[in-house]
Structures are given as structure tokens and as C-alpha cells.
Amino acid sequence: MLEWAELLADLDVPRSTGELSHRHHLAPATVSYHLGVLLRSGLVRRRRDRHRVLYQRSVSGDRLVGRPLAGV
């Protein structure tokens, strides 16, 4: 599977770049690059939690990975 697709699939809960790097055995810079592409594509959203930035799939990202929408 492509790295970006694996990262997107793993973002059903908020995760930091460091968490994703550790979970997928990728360099933090690689994870950061892919998250930037996913963010600009509208497939993930990000929010700051104190000193961490957390990423999670957006509704569009959920659709892409085949997650059903709530209430549908």
C-alpha cells in the first residue's frame, strides 16, 4: 500500500506526526510531507492540542477509505 494511503487509513482517531512516524516506521519528515499533501487535498484536518498538532481524517477522507457517514 502507498505510504499516504496507510497514513490516511490510520487517522480514524487524532494522531501526531510522531505517533504516525513510530506506528509506520517512517521518518518524521516523510510523515510530515504526506500529511501536508493530505491536508492540502482536504482529506485530513489538523488541530493544535497544547504543544502537539493532531491530524484526523476529514469527511472526504472517510469517504475515500470507505467509512460510512454517520446517520447515512
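## Terms and model

Buried means under 20% relative accessible area, exposed means over 50%, and partly exposed lies in between, with a 1.4 Å probe and protein chains only. By that scale histidine 25 is exposed, because its relative accessible area is 72%.

This is a predicted model, in which local features need pLDDT of at least 70 and side-chain atom pairs count only at pLDDT 80 or more, while totals for chains, interfaces and linings use all residues. Residues are numbered from 1 along each chain as its sequence is written, and side-chain values use heavy atoms, with hydrogens and water left out.

Helices (H or I, at least four residues) and strands (E, at least two) are DSSP runs, numbered from the N terminus.

## Nonpolar core

In soluble globular proteins, nonpolar side chains tend to be buried together. A nonpolar core here is a set of buried Ala, Val, Leu, Ile, Met, Phe, Trp, Tyr and Cys residues joined through side-chain atoms within 4.5 Å. The largest one has 11 residues. They are Leu7, Leu8, Leu11, Leu20, Leu26, Val31, Leu35, Leu38, Leu43, Val44 and Tyr55. Helices α1 and α3 (28-40) each supply at least two residues of this core. The most come from α3, which gives three.

Leucine 7 is one of the core residues. Contact means heavy atoms within 4.5 Å. Neighbours within four places in sequence aside, leucine 7 is in contact with Leu20, His24, Leu26, Val31 and His34.

## Salt bridges

Side chains of opposite charge can pair when their charged atoms come close. A salt bridge is a side-chain nitrogen of Lys or Arg within 4 Å of a carboxyl oxygen of Asp or Glu. The structure holds four.

Aspartate 10 takes part in a salt bridge with arginine 15, at 3.3 Å from N to O. Aspartate 10 counts as buried, because its relative accessibility is 9%. Arginine 15 is also buried, at 12%. Aspartate 10 forms a salt bridge with arginine 23 as well, and the closest N and O atoms are 2.7 Å apart. This pair links distant parts of the chain. Aspartate 10 sits in the loop between α1 (3-9) and β1, and arginine 23 sits in helix α2 (residues 17-24), 13 residues apart. Arginine 23 is partly exposed, with a relative accessible area of 44%. Through shared partners, salt bridges join Asp10, Arg15 and Arg23 into one network.

Another salt bridge pairs the side chains of aspartate 62 and arginine 57, at 2.7 Å from N to O. Arginine 57 counts as buried, because its relative accessibility is 4%.

Serine 16 is in strand β1 (residues 15-16). Serine 16 is buried, because its relative accessible area is 11%. Leaving out neighbours within four places in sequence, serine 16 contacts Arg52, Val53 and Leu54.

Glutamine 56 belongs to strand β3 (residues 52-57). Its side chain reaches the backbone oxygen of aspartate 12 at 3.1 Å. That is a polar contact: a pair of N or O atoms within 3.5 Å, where within protein one must be able to donate a hydrogen and the other to accept it, and residues adjacent in sequence count only if both atoms are side-chain atoms. Leaving out neighbours within four places in sequence, glutamine 56 is in contact with Leu11, Asp12, Val13, Pro14, Val44 and Arg45.

## Positive phi

Most residues other than glycine have a negative phi, and most peptide bonds are trans. Histidine 25 has a positive phi of about 55° although it is not a glycine. Histidine 25 is in the loop between α2 and α3.

Arginine 50 also has a positive phi, near 60°. Arginine 50 lies in the loop between β2 (44-49) and β3. Arginine 50 is exposed, because its relative accessible area is 73%.

Leucine 64 is in helix α4 (residues 59-65). Leucine 64 counts as exposed, because its relative accessibility is 51%. Glycine 66 lies in the segment after α4. Glycine 66 is exposed, at 54% relative accessibility.
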